[in-house]
Amino acid sequence: MKFIRMIGRDIRDAIKSVFRNFSLSMASISCITITLLLVSLAIVSSYNVDNFTKLISRDFTIVVFVNQDITEEELTEVEYNIKENSNVSEYKFQSKEDIAASMMETSDTFKNIMGQWDETENPLKDTFLIKVKNIEEITETAIVIEKLDNVSLVRYGEGIVENFLSVFKIIEKVLVAIVILFIFVTAFLISNTIKLTIFSRRREIEIMRLVGASNFNIELPFIVEGLFIGMFGAIIPIILTIYGYIALFTQFDGQLFSPFVRLVQPNPFVYIVSLIILSIGIIVGMFGSLSAVRKHLKI
Amino acid sequence: MELIRIRGIQKQYKNGVTALCDLDLSIKKGDFVFVIGASGSGKSTLIKLLHREERPTKGQIIIGGIDVAKLRNSKVYKLRRKLGVVFQDFKLLPKLTVYENVAFALEIFGLPQGEVRTKTIKALELVGLKNKAKQFPTHLSGGEQQRVAIARAIVNGPKILLCDEPTGNLDPDTSYGIMKVLEVINKMGTTIIMATHDREIVDKMEKRVILLDEGKLVKDFEKGTYDHEIY
């Protein structure tokens, strides 16, 4: 009960202090707003990059061409070996006739040429279309399959997959580094504001000590103030994250540059990001403030 | 009953100045003690040691069972809750009203509002400032501001009230008014230790007088006067 009363008083005083030192608080809140906005941007980008990687992983296919003169038994053996590969999640067989038929549907030119082929004249090859479980091991899987008997060719977008993955991985690492960096920047800004608040309230602190306030009694109002500064600093980034991302998603119809790069659905994504931003603001605010109080009051 | 026991206290500051040297003192519950002496005699240092703003270099200070010299920084508040301290410069918060300045000393401990109100009004009544509760310190005279500081110091019901030159900035009449308030507080059972230069007050009050000179206890009279001590 006593603690609740103390917290209640500290919340009231913290809000008063934020408004009493309005210009100082505003300067700090503005800086925190900018950093949290960048944190939000980094989180949104990082999450989307992760999403792109997953989508790409799902879309990439290994195409296995078998020899033209393959027998039924040999084909069954190739199929068995593909099925048994631990990185194969699913596969589909396409006969050369199916391929020709689907190609003829796409253009009249193909129809005219391919329509005249009989069974022995079809130069295409039977294929297996394979999806892998782990995209990072696609090269190893392709090599294993290529070494199978009666397999003439394996294609899986060599080079492109590796490039995509390495670029995305770098982007993700950079974004995570940015998030961590900005969290420290936020803590530093809040810590600095609290230092100034401590300076402007040093007489109050002196009197608090004089009348028997414990370290906790002295720290608590500043921690609460840090919490409020962090919370107020998170308001604009949250609004911009929610409305900005929804607007972006609607504007680009959920995809960026090509249907290949799809954006994460806004709901519940934006709300999760907002919660993360709010939590970062509050937690970093409290700890930034606590470190400033401990350091400057030599508690 | 002995409330404060000081044994072989020495205080040397970092700049090499020795403010107090081999001081032995015993103060009983309910005493009213004047600590007098020239500037630099160690009066203020003694007050600072008693409320543990400074630590002694050597010796022992026991207040109400607490060994002040050994008290860790994080535990000083336990001692301060048993003491009230009044300074020459009042140390009031200008942005708070008289009531808020006094209530401040209770609110930080999370006391219920009703209790805060009752105790604050009682303290303000005692110093004769109940009617000025809503005013800000800057609108009060020096004497009134000092009364607010006294009210804040006693609102917690401390056993000891330490006063460091509380009348230093006040004219004789106002100073006498402050002393009357302190006398009432003393009669209610609070032990008062007051460092002062004010000869007139010491002479009028006829209380115990401790004379310090260059950090040493020179004289200790049960009912002394300033003139008596010096000559």
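**View 1. A:Val64 has A:Phe128 as its bridge partner in strand 3 of chain A.** The model is predicted; local features need pLDDT of at least 70 and side-chain atom pairs count only at pLDDT 80 or more, whereas totals for chains, interfaces and linings use all residues. Residues are numbered from 1 along each chain as its sequence is written, with chains lettered from A and ligands numbered from 1 in the order in which they are written. Strand 1 (residues 61-66) of chain A is joined to strand 3 of chain A by five bridges, and the two run antiparallel. Strands (E, at least two residues) and helices (H or I, at least four) are DSSP runs numbered from the N terminus.

**View 2. Four strands of chain A form an open antiparallel sheet in the order 2-3-1-4.** Two strands pair if DSSP finds at least two bridges between them. Strand 2 (88-94) and strand 4 (151-155) of chain A each have a single partner strand, so one side of each lacks a neighbour in the sheet. Six bridges link strand 2 to strand 3 of chain A, and A:Val88 has A:Val132 as its bridge partner. Four bridges link strand 1 to strand 4 of chain A, where A:Phe65 is partnered by A:Leu153.

**View 3. Side chains alternate along strand 3 of chain A.** A:Phe128, A:Ile130 and A:Val132 point to one face and are buried (20 or more other C-beta atoms within 10 Å of the residue's own, C-beta atoms being placed from the backbone).

Methods
A residue is buried if 20 or more other C-beta atoms lie within 10 Å of its own, exposed if 12 or fewer, and partly exposed in between; C-beta atoms are placed from the backbone.
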